[in-house]
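The following note sets out several points for colleagues who will work with this model. Please read them alongside the coordinates.

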Amino acid sequence: MAVDYQRLSSEVDQAARRLFETQREIKKWFDEVEEAVRRESVHHALRYGAAALHRQQAMSKSGAWPRAMMDECEQIIEFAREVIEPGIQRFTLTQHCGAAQQIAAFRETMQSEVGWLKDLGYLAEANRHLTQGQRVIHSIELRAEWQDTLARCQDYPRQPTPGASTPGQDLTDEIKQGDELLEVLGTIPATVLSDAEKHAHRSTISTRQGVLKQSVDERNAALTALDDLRILNAEMLAEARAEVERVRLLFVGRRDEEQINDLAKLIDRIKADMVAWDAGAVSVERLSELLTDQLTHQLGDLQVWLEQMDIEPPMQWDLETIYRALAAEQVEGARRRSTDWLRPRLLDDDAIAQMDQARCDALVQELANAPGYLADADASVVARQLAALRQRQATLAEQGRAAKVAAWRAQLAPAQQPAALDRASTEALLKTLENPPCLLAPDETSWQRTVAAGLTARLDELSLDDLLERIARLSPELRGQLLNRLQELVRRADIFAILRSQEATVCMDADAVAR
């Protein structure tokens, strides 16, 4: 009894697992068919519709499966038919096998699809699908013989669009390859390539050739345009050189490359001559004179060089006009440089009259060291403004000196009443008077002497008073000796005065005799 129970229990478990697995499988088929409906995938509809049909038939034969599960299988089959019936014809005609190596896999898939169609009752469709599949296989086998040609036909229009760096010879070679492919296409059997397919290939090859020929035409136009390049300034010269280099890269290895190289050499020669125009810090007018003389020599040397290099300039190029235009730009640039230097330093008379000492000194320093490349007119402006600034410097210096003298004289105000001064004050004022803060003007020097005389007289007066007080304190004997000495000094002073008078008389007589 126990053994029967275990066996039954095991069978129940197995049945439950199988039921669960079948439900999960049907659910997966249901999802796949829904996806096939969404994607309109006939292949998947056939696969899962046939699988559901086989499972439904097995369930029906067993009689042990729930009716609901068989209904689910029927629903999957109906969904599959919704995709199969409207799409089977297109699906059959569009069977594709990419290469001979894929024939085995293609045949296996095609036979499976034929079997599914038969299972689902589409017998006529199954026969057509089989016939078309065999035709595709036969076509692939024939195509293998033309594989290289077909591959070239497919690859030719897929090449990158030619760019500026694509050599011109490559373009010509590609156009010839296209012509060869168009010729070969006509010899491919219809069993390998249908007329419609040939037409499609011819269309894409011709389109590609059109792009290549357009690029060739554009390059030829660019080559022709080099003769029309205009050079009126340094920027246009640089642009011309860049354009020549761009076009040269398009004609590498072509017979026109040498002509383009000659033009590049000519432009480089012009640029080299321009480098030699640097005349240093000379005025605009002097630069114009130097360039005029230099151009004459450079144009002569250029003509000799062209003959030696066997280079023929473009007919539209007048080299003398080009050189003179470039030189005129050089002179104009120097003139702008002169103006640009002067403009921020240019001031009117009112601004100069209000300028402080520091700003005035700084601008004088700048103008005194003005560059030598200034135009004559600008240099004249600098000279006039420099003179005005130096006059302003002198005015500011005099104002400063006068202020110092005024402060110095203010310190000497007590010297105007010397009688009220004592010795210490008088000596202090004399010391201040003898040390003015700056160089004095003539009238200020005269005033200094006058004040100094008054202060000195005051000192003498103060000294005599002191002397008399000391004499008063001497003994009678010493006062007598002092008196004798003073009398001797007076006598000597009288004799000296008489001698000076006689000397003056003699000099006057001599002058009279001389006259």
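**Notes on the predicted model**

1. Helix α15, residues 376–411, has 36 residues and reaches 53 Å from its first C-alpha to its last, close to the 52 Å expected at 1.5 Å a residue.

2. The buried residues of α4 are Ile103, Phe106, Met110, Glu113, Val114, Trp116 and Leu117. Because these residues cover an arc of only 160° around the axis, they fall on the same side of α4. Ala104 and Glu108 are exposed and sit on the face turned away from the buried side of α4. Just after this helix, glycine 121 adopts a positive phi of about 95°.

3. A positive phi also deserves attention at aspartate 310, where the value is about 55° although the residue is not a glycine. Aspartate 310 belongs to the loop between α11 (284–309) and α12 (319–342). With a relative accessible area of 67%, aspartate 310 is exposed.

4. How many disulfides does the structure hold? The count is zero. A disulfide is a covalent bond between the sulfur atoms of two cysteines. The cysteine sulfur closest to that of cysteine 360 belongs to cysteine 438 and is 19 Å away, so the two are too far apart for a bond. Seen from cysteine 438, the closest cysteine sulfur is that of cysteine 360, again at 19 Å and too far for a bond. Cysteine 360 is buried, its relative accessible area being 0%.

5. Rolling a probe the size of a water molecule over the atoms shows where empty space is left. One cavity of 30 Å³ or more is counted, and the largest cavity has a volume of about 40 Å³. Its lining consists of Gly168, Leu171, Val216, Arg219, Asn220, Leu250, Phe251 and Arg254. The elements giving two or more residues to this lining are α7 (168–185) and α8 (195–225). Helix α8 provides the largest share, three residues. By class, the lining has four nonpolar, two polar and two charged residues.

6. Aspartate 460 lies in helix α17, residues 442–472, and counts as partly exposed at 49% relative accessibility. Aspartate 460 and arginine 423 are 37 residues apart in sequence, and their C-alpha atoms are 9.8 Å apart in space. Histidine 96 is located in the loop between α3 (67–93) and α4; at 64% relative accessibility, histidine 96 counts as exposed. Between the C-alpha atoms of histidine 96 and aspartate 356, which are 260 residues apart along the chain, the separation is 96 Å.

Definitions and conventions: Residues are numbered from 1 along each chain as its sequence is written. This is a predicted model: local features need pLDDT of at least 70, side-chain atom pairs count only at pLDDT 80 or more; totals for chains, interfaces and linings use all residues. Side-chain values use heavy atoms; hydrogens and water are left out. Buried means under 20% relative accessible area, exposed over 50%, partly exposed in between (1.4 Å probe, protein chains only). Helices (H or I, at least four residues) and strands (E, at least two) are DSSP runs, numbered from the N terminus. The arc is that of the directions from the helix axis to the C-beta atoms. A disulfide is a pair of cysteine sulfur atoms within 2.5 Å. On a 1 Å grid over the protein atoms alone, a cavity is a set of points where a 1.4 Å probe fits but cannot get out, and a pocket is an open set with protein on both sides within 12 Å along at least five of seven lines; lining residues have an atom within 4 Å of a point. Grid points are joined across faces, edges and corners, and a volume is the space filled by probe spheres set on the points. Ala, Val, Leu, Ile, Met, Phe, Trp, Tyr, Cys and Pro count as nonpolar, Asp, Glu, Lys and Arg as charged, and the others, Gly among them, as polar. The expected span of a helix is 1.5 Å times one less than its number of residues.
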